Amino acid sequence: MTEFLIRHFIKDYENVEKISVRTAYGVLASIVGIFCNVFLFAVKFVTGIVLHSVSVTADAFNNLSDAGSSVISFVGVKMAEKPADRDHPFGHGRIEYIAALVVAFLVLEVGFTFLKDSIGRIRTPEVLNFQAVSIVILLLSVGVKLWLGLFNRKLGEKIDSKVMKAVFTDSMGDVVTTGATILSVAVFGLTGVNIDGIVGVGVALAVMWAGVGIARDTLEPLIGEAIDPKVYEDIKNFVENYSGIQGTHDLIVHNYGPGRSMASIHAEVPNDMDVEKSHEIIDRIERDAAKALGIFLVIHMDPVEMKDERVLRIREMAADLLRELDPSCSLHDFRVVHGEKHINLIFDMVVPIEYDDRTREELPKRLAEKLKEADPRYECVITVDYEYVAKTDE
């Protein structure tokens, strides 16, 4: 079914890097979500009224909020498609994240409302009207929500959309909460014990938890998140594969919406290479990166010593000493400036970003002391730097 909808409603569906194709995926997901959730709301609302069940009614309005969320997602996706202009030179892609954040608050509001109603129902319980057909209707709801969640996950994976992946999580939460509602109705039908209010509290808390999860997932790219390790390796390897590039560091990626990223990186080139030739290589990499990776890449050129044995020997010694002090650290941009009485060693030290201020201050001092022990003429000028890549799961 999912492939059928993709093939028949998305033109050029395989070219997911195009903004227009991404938008078409988002529109399809929104329309399908609106249809499914309005259908489920109508069925559950009628069932809830007939059964006098607050948990079923809560579940119904949860579906209505999901339909509203799909409407907001639709508007957000269409607005995010707007091209760059004078006031927004990197486009409007982040509107998609803002739309998802609005959805998160709607979900939270629904959860709070029905938490209050469920607590009231615990205090003053009402008699439920058990009917077997209600179980069938709720089971149908579980099936629809399960399919809708898997549908959004598949589309989200195709275009790497945080919003669609969040909808998948929300849908799986709905499957759990509807299952809990089925449990309360079934328990009443079999035993006569009314646990509707208690289950309603559970449903409300699950809805609120889903809202918090969606908010967290959409706030991260808005605030500025660490680089995905795979993206980091892709860009790093792409640049370093070019002849004349000796290494890279200081990669920073700025996210301006799904499929819209700007990155900057420092590329090391031999210091004896012709400047114009190095510049030509850098320009070619930037152009190729836009085509191959879909990233607006800005490269800063760092000349490094590749032949002077004395400099290479000192750099290797400094790297070995740093590894002894802390294997998590590294150095780059190493330069040696000879003076009459001193030899200045100028370089950047990369330390884990989670280190506290005291550690960040002590490590350079300890390394400078060890280098001075090796040669009293060494004077270190060390700049503390960080890597902005996210940690991989152990």
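R323 and D320 lie three residues apart in helix α10 (residues 309-325), so about one helical turn separates them. Their side chains meet in a salt bridge, at 2.2 Å from N to O. A salt bridge here is a side-chain nitrogen of Lys or Arg within 4 Å of a carboxyl oxygen of Asp or Glu. Helices are DSSP runs of H or I with at least four residues, strands are runs of E with at least two, and both are numbered from the N terminus.

The model is predicted: local features need pLDDT of at least 70, and side-chain atom pairs count only at pLDDT 80 or more, while totals for chains, interfaces and linings use all residues. Residues are numbered from 1 along each chain as its sequence is written, and side-chain values use heavy atoms, with hydrogens and water left out.

R323 counts as partly exposed because its relative accessibility is 42%, and D320 is partly exposed at 32%. The classes are set as follows: buried is under 20% relative accessible area, exposed is over 50%, and partly exposed is in between (1.4 Å probe, protein chains only).

By the salt-bridge rule, the count comes to 13. One of these bridges joins the side chains of K372 and E379, at 2.8 Å from N to O. K372 is partly exposed, with a relative accessible area of 34%, and E379 is also partly exposed, at 32%. In another, R377 and D375 meet at 2.9 Å, N to O. Here R377 is partly exposed at 43% relative accessibility, whereas D375 counts as buried at 12%. Elsewhere, salt bridges that share partners join E3, R7, K154 and K158 into one network.

The strands come next. An open sheet of three strands has the order β1-β2-β3, with mixed pairing. Two strands pair if DSSP finds at least two bridges between them. β1 (247-255) and β3 stand at the edges with a single partner strand each, so one side of each has no neighbour in the sheet. Neighbouring strands of this sheet are turned by 15° against each other on average, direction ignored. Such angles use axes that are lines fitted to C-alpha atoms, for helices over the stretch in contact, and they run from 0 to 180 degrees between N-to-C directions.

Within this sheet, strand β2 (residues 261-270) and strand β3 (residues 295-304) are parallel and pair over ten bridges. Helix α9 (residues 275-292) makes a right-handed β-α-β unit with β2 and β3. Right-handed means that, with the strands pointing away from the viewer, the path from the first strand over the helix to the second runs clockwise.

Another open sheet of three strands has the order β4-β5-β6, again with mixed pairing. Its edges are β4 (330-338) and β6 (378-385), each with a single partner strand, so one side of each is left without a neighbour in the sheet. The twist averages 15° from one strand to the next. β4 and β5 are antiparallel and pair over seven bridges, with H338 opposite I343 in β5. A hairpin of four residues joins β4 to β5. Strand β5 (residues 343-350) runs parallel to β6, and eight bridges join the two. In this pair, D348 stands opposite T383 in β6.

F45, V46, I49 and V50 make a nonpolar surface patch of about 320 Å². Patches are made of residues with over 30% relative accessible area and no salt bridge; like charges are joined within 9 Å, and nonpolar side chains (Val, Leu, Ile, Met, Phe, Trp, Tyr) within 5 Å. The areas come from the Shrake-Rupley method with a 1.4 Å probe, and for residues only the protein chains shown count as cover. V50 is found in helix α2 (residues 19-51) and is partly exposed, with a relative accessible area of 38%.

G179 is found in helix α6 (residues 162-191) and counts as partly exposed at 30% relative accessibility. From C-alpha to C-alpha, G179 and L139 are 7.9 Å apart in space, although 40 residues apart in sequence.
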